[in-house]
Amino acid sequence: MKETILTWVNRVLMYNLFFVLFAFLWFAIALIGRSFDIPLGFDLWYRLWEPVFTPAIGLLMGGAILSGIISWVNRQFNPEA
């Protein structure tokens, strides 16, 4: 049961990582387009920053920290594995 939960948590974190990378790529392209006065969605990206991208980044960071803690605890209590 524990392995199944950890597998799903890792899978969600992986999808979240790709979403955050997509958001960064969109930001970079939109910012370049804005500097050349080409509308590539910077205003839409900016409106989505607070309600969508900020929680996704927070979830990614929290998941990475939690995954590290769980791994450390498993190593401490199960050194032969």
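In this predicted model, the largest pocket is lined by Leu6, Val9, Asn10, Leu13, Gly63, Leu66, Ser67, Ile70, Ser71 and Asn74. The elements that each supply two or more residues to this lining are H1 and H2, and the greatest contribution comes from H2, with six residues. The volume of the largest pocket is about 160 Å³, and its lining divides into five nonpolar residues, five polar residues and no charged ones.

Among the lining residues is Ile70, which has its place in helix H2. Because its relative accessibility is 32%, isoleucine 70 counts as partly exposed, falling between the limits of 20% for buried and 50% for exposed. Isoleucine 70 lies 39 residues from leucine 31 in sequence, and the two are separated by 38 Å in space, taken from C-alpha to C-alpha.

Helix H1 covers residues 2-35, and its 34 residues reach 49 Å from the first C-alpha to the last, which is close to the 50 Å expected at 1.5 Å a residue. The buried residues of H1 are Leu13, Asn16, Val20, Ala23, Trp26, Ala30 and Gly33, and these pack against helix H2, which covers residues 42-77.

Within it, alanine 23 touches Trp45 and Phe53, when residues up to four places away in sequence are not counted. In soluble globular proteins, nonpolar side chains tend to be buried together.

Aspartate 37 follows H1 and is found in the loop between H1 and H2. Although aspartate 37 is not a glycine, its phi is positive, at about 60°. With a relative accessibility of 70%, aspartate 37 counts as exposed, because that value is over 50%.

The two residues with a stated accessibility are set out below.

| Residue | Relative accessibility | Class |
|---|---|---|
| Isoleucine 70 | 32% | partly exposed |
| Aspartate 37 | 70% | exposed |

Definitions and conventions: Residues numbered from 1 in each chain as written. Predicted model: local features only at pLDDT ≥ 70, side-chain atom pairs only at ≥ 80, totals over all residues. Heavy atoms only, no water. Helix = DSSP H or I, 4+ residues; strand = E, 2+ residues; numbered from the N terminus. Expected span 1.5 Å × (residues − 1). Buried < 20%, exposed > 50% of the residue type's maximum accessible area, 1.4 Å probe, protein only. Contact = heavy atoms within 4.5 Å. 1 Å grid on protein atoms, 1.4 Å probe; cavity = no way out; pocket = protein on both sides within 12 Å on 5 of 7 lines; lining within 4 Å. Points joined across faces, edges and corners; volume = space filled by probe spheres on them. Nonpolar A, V, L, I, M, F, W, Y, C, P; charged D, E, K, R; others polar.
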